[in-house]
Amino acid sequence: MARLPSVVQAVLNDYLILFNKYLPNTMKGVYLHGSISLDAYVNNSSDIDFIAVTRRRMTSEDAESLFLIHKELALTYPKPEMDGVYITQEEIGKLSTNNTNEYQENAYYNSGELKFGEYFNFNPITWYLFKHMGISVMGSDTASFDVTISLHQLSSYVHSNMNSYWMGRVSGLENSIEDVMNYPTEIIDNEIEWSVLGLLRQYYTLRESGITSKQEAGEYGLQHLQDEWHKIISEAMNIRDGLRVSLFNSEEERIKHTLEFAKYIISYCNDLFFPTNLNHT
């Protein structure tokens, strides 16, 4: 297993002890993806993105046990938070069924809540990371599983995501900008970091056919984008690093720069994905 930050290792050790206490002989494998697998874990910021493979499907009858596991763990370790899903081995590599008639309910833990339903993170990025960079905490190596995500699938998913999820966030922010400017600084910081660095990760994937961390995406943006965007990128990177001294003179200025940047990146990536549209009216 790859070397993990000490606090992550401590959380995972206690997690497995608690799981075996409440649901003995049920866990088959635990795998990490996300920032930890990209060697980009940020203390007090990153989550522990996990995929737990169980010997049987977790059902509503297991909800109390799963809740107690995560509640006890969160009381001991407020940070980092665990964020992941419970699946059977047959579901490894499964993609979202939003566009099909198939529906499979999974137990998952996100933002401090245990839920059952269609898991939102079954997508090509998750499984590409799992296959190529995933970390096995318990169980077989991730490379041994029959998971195939093509670079075309990766790019197509990212492009679709930019024009649905990200475009929706931009529209929502733009339509409520007067309210947003009155939000606490911490919430505005989170929005800037999430939007700027999140979109730069999409930009990186479409240009390089790969996956990178938020901070590395910021560095990539500074290298490849025009100077006019460097200030808002640096702002987002500073927030990610825990530096709370803003490069802007007002909340209004940095919110508007975030919006302008987001719209530019989405437009640029649309042209990148459909190059035949360039210079056409």
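Trainee: Where does N182 lie?

Mentor: N182 sits in the loop between α6 (177-180) and α7. Helices here are DSSP runs of H or I, at least four residues, and strands are runs of E, at least two, all numbered from the N terminus. This is a predicted model, where local features need pLDDT of at least 70 and side-chain atom pairs count only at pLDDT 80 or more, while totals for chains, interfaces and linings use all residues. Residues are numbered from 1 along each chain as its sequence is written, and side-chain values use heavy atoms, with hydrogens and water left out.

Trainee: Why is N182 called exposed?

Mentor: Its relative accessible area is 65%. Exposed means over 50%, buried means under 20%, and partly exposed is in between (1.4 Å probe, protein chains only). So N182 counts as exposed, at 65%.

Trainee: How far apart are the C-alpha atoms of N182 and E251?

Mentor: They are separated by 8.5 Å. Along the chain, the two residues are 69 residues apart.

Trainee: What makes R254 and E235 a salt bridge?

Mentor: Their closest N and O atoms are 2.9 Å apart. The rule asks for a side-chain nitrogen of Lys or Arg within 4 Å of a carboxyl oxygen of Asp or Glu. The R254 and E235 pair, at 2.9 Å, is therefore a salt bridge. R254 lies in helix α10 (residues 251-273) and E235 in helix α9 (residues 230-240), so the pair ties together parts 19 residues apart in sequence.

Trainee: Are R254 and E235 buried or exposed?

Mentor: R254 has 3% relative accessibility, so it counts as buried. E235 has a relative accessible area of 2%, so it is buried too. R254 and E235 also belong to a network of salt bridges with D189 and E251.

Trainee: How do you know that R169 and E191 meet in a salt bridge?

Mentor: The N to O distance is 2.7 Å. That is within the cut-off, so the pair qualifies. R169 lies in helix α5 (residues 151-175) and E191 in helix α7 (residues 185-208), so this pair links parts 22 residues apart in sequence. R169 is partly exposed, at 28%.

Trainee: What makes D62 buried?

Mentor: Its relative accessibility is 6%, so D62 counts as buried. D62 forms a salt bridge with R56, with the closest N and O atoms 2.9 Å apart. R56 has a relative accessible area of 38%, so it is partly exposed. The whole structure holds 13 salt bridges.

Trainee: Which residues gather in the patch of negative charge on the surface?

Mentor: They are D39, E216, E219 and D241. Patch members have over 30% relative accessible area and no salt bridge, and like charges are joined within 9 Å. Asp and Glu count as negative. E216, in helix α8 (residues 214-224), is partly exposed at 44%. D39 is exposed at 74%. Both values are over 30%, so E216 and D39 pass the area cut-off.

Trainee: Which peptide bond is cis?

Mentor: The bond from K79 to P80 is cis, with omega near -5°. P80 lies in the loop between α3 (63-76) and β3.

Trainee: What makes strand β1 mostly covered?

Mentor: Five of the six residues in β1 (residues 27-32) are buried. Strand β3 (residues 82-87) is mostly covered too, with six of its six residues buried.

Trainee: How do you know that β1 and β2 pair?

Mentor: They share five bridges, in the antiparallel sense. Pairing takes at least two DSSP bridges, so five is enough. Y31 stands opposite I51 in β2. β1 also pairs with β6 (residues 135-138), antiparallel, over three bridges. There, V30 has M138 as its bridge partner.

Trainee: In which sense do β2 and β3 pair?

Mentor: In the parallel sense, over six bridges. I48 stands opposite M82 in β3.

Technical notes. Patches are made of residues with over 30% relative accessible area and no salt bridge: like charges are joined within 9 Å, nonpolar side chains (Val, Leu, Ile, Met, Phe, Trp, Tyr) within 5 Å. Accessible areas come from the Shrake-Rupley method with a 1.4 Å probe; for residues, only the protein chains shown count as cover. The place of a charge is taken as NZ of Lys, CZ of Arg, CG of Asp or CD of Glu.
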